[in-house]
Amino acid sequence: MDDTTFETLARFPLKPCEDGASVVTCTFEGDATEYFCVGTAFCLPTEMEPTSGRILVFAVRDRALVLAAEREVKGAVYNLSAMAGRLLAGINSKLELFRWAPREDDDAAHALVGECGHRGHILALYVATRGHYIVVGDLMKSVSLLMYRPEENAIVECARDFNANWMSAVEALDEDTFVGAENSYNLFTVRRNADAGTDEERQRLETVGEFNSGEFINRFRHGSLVMRAPDSEVAASPTLLFGTINGVIGLLANLPREAYEFAHRLQGVLQGVIQGVGGLSHAEWRSFVNERKSASARGFVDGDLIEAFLDLKRGRMEEVARLMDMGVEEVCRRVEELARLH
């Protein structure tokens, strides 16, 4: 599609019963051309789950799609990710890494060649990569952390979350902390215990945050909705966008410790000052609740509630500031600084 007029520039017909399931742009090791890679699944009425699919690699030449290579696979290609000059695909219960290699029958053409893989999932629906680390969101088995080891030509498991969460999205916040969304509208964060004293602890992803978003989140993306000048530590905080099935766009910010402690304390004060709609408790509303557990929110603060301070009347602002043991202007300044993140 044209990026200005949204006019369709090129089409590629799929086969009967073949549906597109994933798409990514990437470059391969030794080839600077940017390719569009599309994962598909053959959805047959006689099958409970797709048992076949394809990975299609397209180049764009003269504003037209040119099929550069295709690879048949045994399952639905639920996700595709670029990693280390290669293409990582989640195919049913398996992750498979492909490299871009010249074809034996035609040196001018290339093909996807399987390099290594990893099994042990129910359905590897969601995948995020960071360097050589791979974060997998499984249909039922929550989050697992894998690592690609090129010197061994292998993908190995480093750690996993042993809770049973039905995942709807996953992303890496940094090399040790990962965020996931599950089908009961909850968010949670897990952390790798790389410095733990025992193998058992190192192989476990520890849950460090839980929060009810009230939305079915189905996508995370690193980025921001605004241009931010790094004039403070808060303004330089890394942010993560999320999208939901209702069309909501939200933002998660990884705050510095001091800013988080301020926001968490302010949230506690505001919960006692601002009455919820219909008298509902804000703490109960944001609690992590699914079919298997219920727990108070932790490791997150509600930005909507924090910014509600700016809409209070002056008298209520002064009450909140007094409970915070701060001046009204100082609280306003710090809340406005957080608000500028989006």
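Guide: We can start with the largest cavity, which holds about 40 Å³ of space. Please keep in mind that this is a predicted model.

Visitor: What makes a space a cavity and not a pocket?

Guide: In a cavity a 1.4 Å probe fits but cannot get out, whereas a pocket is an open set of points. A search of the whole structure finds 2 cavities of 30 Å³ or more.

Visitor: Which residues line the largest cavity?

Guide: The lining consists of Asp161, Asn163, Asn165, Phe188, Thr207, Glu210, Phe288 and Lys293. By class, that gives 2 nonpolar, 3 polar and 3 charged residues.

Visitor: What is known of the second largest cavity?

Guide: The second largest cavity has a volume of about 30 Å³. Its lining is made up of Val234, Ala259, Phe262, Arg334, Glu337 and Leu338. Of these, 4 are nonpolar, none is polar and 2 are charged. Helix α6, residues 328-339, and helix α2 each supply at least two residues of this lining. The largest share, 3 residues, comes from α6.

Visitor: How do α2 and α6 pack, and at what angle?

Guide: The angle between α2 and α6 is about 115°, and their axes are 12 Å apart. Angles of 65 to 115 degrees count as roughly perpendicular, and therefore α2 is called roughly perpendicular to α6.

Visitor: Which residues of α2 and α6 meet?

Guide: From α2 come Glu258, Ala259, Phe262, Ala263 and Leu266, and from α6 come Val331, Arg334, Val335 and Leu338. This contact divides into 7 nonpolar, no polar and 2 charged residues. Phe262 and Arg334 belong to the contact, and both are also in the lining of the second largest cavity.

Visitor: Why is the packing of α2 and α5 called oblique?

Guide: Helix α2 (residues 257-273) and helix α5 (residues 314-324) pack at an angle of about 130°, with axes 10 Å apart. Roughly perpendicular ends at 115 degrees and roughly antiparallel starts over 145, so α2 is oblique to α5.

Visitor: What makes the contact of α2 with α5, and how is it divided by class?

Guide: On the α2 side there are Phe262, Arg265, Leu266, Val269, Leu270 and Val273, and on the α5 side Arg316, Glu319, Val320, Leu323 and Met324. The classes are 8 nonpolar, no polar and 3 charged.

Visitor: Which hand does each crossing have, left or right?

Guide: The crossing of α2 and α5 is right-handed, while α2 passes α6 in a left-handed crossing.

Visitor: What about the largest pocket, and which residues lie nearest its centre?

Guide: The largest pocket holds about 1,300 Å³ of space. It is lined by 43 residues, with Leu251, Leu252, Ala253, Phe300 and Val301 lying nearest its centre. Among the elements that give two or more residues to this lining are β15 (186-192), β16 (205-212), α2 and α6. Strand β19 gives the most, with 5 residues.

Visitor: How does the lining of the largest pocket divide by class?

Guide: It has 24 nonpolar, 10 polar and 9 charged residues.

Notes:
Residues numbered from 1 in each chain as written. Predicted model: local features only at pLDDT ≥ 70, side-chain atom pairs only at ≥ 80, totals over all residues. Heavy atoms only, no water. Axes fitted to C-alpha atoms, helices over the stretch in contact; angles between N-to-C directions. Helix = DSSP H or I, 4+ residues; strand = E, 2+ residues; numbered from the N terminus. Parallel < 35°, antiparallel > 145°, perpendicular 65-115°, else oblique. Left-handed = near helix turned anticlockwise from the far one by under 90°. Contact = heavy atoms within 4.5 Å. Nonpolar A, V, L, I, M, F, W, Y, C, P; charged D, E, K, R; others polar. 1 Å grid on protein atoms, 1.4 Å probe; cavity = no way out; pocket = protein on both sides within 12 Å on 5 of 7 lines; lining within 4 Å. Points joined across faces, edges and corners; volume = space filled by probe spheres on them.
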